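Here's a quick briefing on the model you have open.

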Amino acid sequence: MQTGLRTLFRSSRTASSTPRFRVAPTSHILRAGALQIRSLHIKKYTSEHEVVNFDDETGVGIVGITDHAQSVLGDVVFVELPAVGATVQQGDQIGAVESVKAASDIYAPVSGTVEEINETLSNEPGLLNKSAEDKGWLCKIKLSDPSEVDKLMTLEEYKATWE
Amino acid sequence: MPLSYGDVGQVASHNHVRKSVGIFDVGHMVQSNFRGKTATEFLEWLTPSSLSTLKPYSSTLTVLLNENGGIIDDTIVTKHAADAFYVVTNAGCRDKDLAWFQQKVAEWNSSDKGKEGPVEREVLENWGLLALQGPEAASYLQNLTSFDLRQLTFGTSAFVPVEGFNLHVARGGYTGEDGFEISIPPSQTVEVAQLLSKPPVQLIGLGARDSLRLEAGMCLYGNDLNETTTPVEAGLSWVIGKDRRETGGFIGAETVLRQLKEGPSTRRVGLVVEGAPARQGAKIFAPSGQEELGVVTSGIPSPTLGKNIAMGYIKSGWHKKGTEVAVEVRKQLRKAVLTPMPFSKANYWRG
């Protein structure tokens, strides 16, 4: 089954009666604290469960999937990433994250050029489960239009899409 | 049955069944009894298997076929006696199977054969069905019974006294591991389930059930089998009895016997795919990418093997093991090699 994360969520929700959607709230609280200290970084979300950590000094956004997304996907066993140097438009499919259960497409949350990919994930895809929004980042995109970040969701808006 | 239980991941559950023992609540499956003097002949009309020569308290995988030889459902049939069979069919096919059985029982009972001794089907409503699976399944169950389980070899069944309950236990399952499928009367399901789910037994969900059966090369109805696939195409010719190949006499025989003789145009095969896992619906091509050869019907990254395994249907001529093909995943062709199934070695108790 190949599907966007959003579709996957819907299907697992109906197929499973177990509470698989719990996200440890402490991690968000800790990160919110860290954000206040490093005010140059803006963390935004998409309804497709991508997260962008944008540094307005360098104009680079670090793209990943949300902690909520990894918890729904389960054990990630394979990550396909875009090529370094690729030019991507917001909404383009740029890769995929696969668990045993399903494949989920990753869409570019912002437009720009792929500057770096997280090579560690090819040997250690499970890092995505351990640290989705930090060490398990997928790629770094140099934004062509930084104002796109403003239109992405805040954590509260994002959480409201699935809570 | 949920996809998983608690916070235990699919891979951890999967590995637990391969290394120790897990229990699956498969009570959603449909259990039925067929009784009557002509029950053997009736079921030999509905399926291509040799049920007359099947020994009492033995089971076989078989298929219910439509007039075109297409598979209505796959099923495990257990013979208790020539006039008594226990049949387990898929939950997803419940309604159409019910209609099919009703129609065919009525047709049979009004025929000359049926008048010799009518056949009746009793659905075991609300009965439990638990599958205890894994290399430690036998030692766990043995601790709960005086019955010598060494005598109960793969593909046979018996009524086994388990801590005061007398339960129908069939040795087999859907994981490729040694194990038992245990049928439980409605009033005893909870107690028996509690008895069978103590450590080291873990509750295993649908997610791991799917990855285990795929590693074992077993079909999932709806994915790998449907009403347009025949048992010959599906690589299930072995369920067609030797004598039945001569005499026919089952629904769908014309197509099935012709395909046995001439070979099918498409065949179910196993694949190992490089790079990304191929999922249901991924197209199979010749290595050049020019010629479309077939389609993947099930595929996962195998937890046991660490490779991407898949099964699918491919044009005859391309079906030999070792043949290199290409599978399209996210618009890219990935190299794949035809690989015999099961992907992981079966571990059955054959005595």
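B:Ala84 touches B:Asn33, B:Arg35 and B:Ala39, once its neighbours within four places in sequence are set aside; a contact here means that two C-beta atoms, placed from the backbone, lie within 7 Å. B:Ala84 belongs to strand E5 (residues 84–89) of chain B, where helices (H or I, at least four residues) and strands (E, at least two) are DSSP runs numbered from the N terminus. With 15 other C-beta atoms within 10 Å, B:Ala84 is partly exposed: buried takes 20 or more other C-beta atoms within 10 Å of a residue's own, exposed takes 12 or fewer, partly exposed is in between, and the C-beta atoms are placed from the backbone. The C-alpha atoms of B:Ala84 and B:Val119 are 9.6 Å apart, though 35 residues separate the two along the chain.

**Ground rules**

- Bear in mind that this is a predicted model, so local features need pLDDT of at least 70 and side-chain atom pairs count only at pLDDT 80 or more, while totals for chains, interfaces and linings use all residues.
- Residues are numbered from 1 along each chain as its sequence is written, and chains are lettered from A and ligands numbered from 1 in the order in which they are written.

**Chain B overall**

- Chain B carries nine helices and 17 strands.
- The C-alpha trace of chain B spans about 60 × 55 × 35 Å along its principal axes.
- A compact globule of 351 residues would have a radius of gyration near 20 Å, and chain B agrees with that at 21 Å; the radius is taken over C-alpha atoms, and the globule rule is 2.2 Å times the number of residues to the power 0.38.
- Of the 351 residues in chain B, 46% count as buried.
- Take the contacts in chain B with a separation of 6 or more: 69% of them are between residues 24 or more positions apart.

**The barrel in chain B**

- Six strands of chain B close into a barrel in the order E12-E15-E14-E13-E16-E17, with antiparallel pairing; two strands pair if DSSP finds at least two bridges between them.
- From one strand to the next, the twist averages 40°, with axes fitted as lines to C-alpha atoms (for helices, over the stretch in contact) and angles running from 0 to 180 degrees between N-to-C directions.
- Within chain B, strand E13 (residues 283–285) and strand E16 (residues 324–329) run antiparallel and are joined by two bridges.
- B:Ile284 sits opposite B:Val327 in E16(B).

**An annotated glutamate in chain B**

- An unreviewed UniProt entry marks B:Glu181 as "binding site"; UniProt positions are given in the numbering used here, feature names are shortened, and annotations may be inferred rather than shown by experiment.
- B:Glu181 is part of strand E10 (residues 179–184) of chain B.
- Is B:Glu181 buried or exposed? B:Glu181 is buried, because 25 other C-beta atoms lie within 10 Å.

**Chain A and its sheet**

- Chain A comes to seven helices and ten strands.
- Buried residues account for 42% of the 163 residues in chain A.
- Six strands of chain A make an open antiparallel sheet, ordered E2-E3-E4-E10-E9-E6.
- Strand E2 (41–45) and strand E6 (87–88) of chain A are at the edges with a single partner strand each, so one side of each has no neighbour in the sheet.
- Five bridges link strand E9 (residues 112–117) to strand E10 (residues 139–143) in chain A, and these two run antiparallel.
- A:Gly112 has A:Leu143 as its bridge partner in E10(A).

**Where A meets B**

- The contact involves 17 residues from chain A and 18 residues from chain B.
- On the side of chain A that touches chain B, helix H1 (5–15), strand E5 (76–80) and E7 of chain A are the elements that give two or more residues.
- E5(A) supplies the largest share of that side, three residues.
- The residues on that side of chain A split into seven nonpolar, six polar and four charged; Ala, Val, Leu, Ile, Met, Phe, Trp, Tyr, Cys and Pro count as nonpolar, Asp, Glu, Lys and Arg as charged, and the others, Gly among them, as polar.

**The annotated lysine in chain A**

- A:Lys101 carries the annotation "modified residue: N6-lipoyllysine" in an unreviewed UniProt entry.
- A:Lys101 falls in the loop between strand E7 (93–99) and strand E8 (103–107) of chain A.
- A:Lys101 is buried, with 27 other C-beta atoms within 10 Å.
- Leaving out residues up to four places away in sequence, A:Lys101 touches A:Gly74, B:Gln10 and B:Gly207.
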